Amino acid sequence: MKQLSTVIAVIVALAMVGLAALNWTTLNTAAPLDLAVAQIHAPLGIVMLGLAAVLVLLFFIAWLRTQITALVETRRLLKEIQRVQDVADKAEASRIENLRLVIMAEFRSLNERMQRIEVIPSPREVQKVIDG
């Protein structure tokens, strides 16, 4: 969609330049201009073309400012996401370490209990002792 609008804008701009070039003598014809304070003789077409150019420049500056603002905001959000992700990774690492310590303590406790329990002979061992 962006490419299509860019192509259309270029075509319109080229058409305007072409029309201005084809009608340059008409655009360059002097005419009386009333400025509310004074009246001057100037080429009306050139004045209108200049005003249109200034308007296009203002719109371009506004568009550029919007793009720069969006890029700055995107960068700020990416930094914030990275910061939050780092915090989450540290919290996850902490939970994993705590889980590892709990599991080690449980295994140590189980080993101690197993060492305290008397070994009960299996039925085969009892049979061997009886037979032999």
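Predicted model: local features only at pLDDT ≥ 70, side-chain atom pairs only at ≥ 80, totals over all residues.

1. Residues are numbered from 1 along each chain as its sequence is written, and side-chain values use heavy atoms, with hydrogens and water left out.

2. The protein chain has an average pLDDT (the predictor's confidence in each residue, from 0 to 100) of 88, and 95% of the residues score at least 70. Helix α3 has the highest confidence, at 93, while α4 (residues 123-131) has the lowest, at a mean of 76. Helices (H or I, at least four residues) and strands (E, at least two) are DSSP runs, numbered from the N terminus.

3. Strands β1 (residues 30-34) and β2 (residues 39-43) run antiparallel and are joined by five bridges; pairing requires at least two DSSP bridges between two strands. A31 has A42 in β2 as its bridge partner. Four residues lie between the strands of this hairpin, where A36 takes a positive phi near 70 degrees.

4. The largest pocket holds about 430 Å³ of space. A pocket here is an open set of points on a 1 Å grid over the protein atoms alone, where a 1.4 Å probe fits, with protein on both sides within 12 Å along at least five of seven lines; lining residues have an atom within 4 Å of a point. The volume is the space filled by probe spheres set on the points, which are joined across faces, edges and corners.

5. Of its 14 lining residues, A9, A13, M16, A52 and V56 are the closest to the centre of the largest pocket. Helix α1 gives the largest share of the lining, eight residues.
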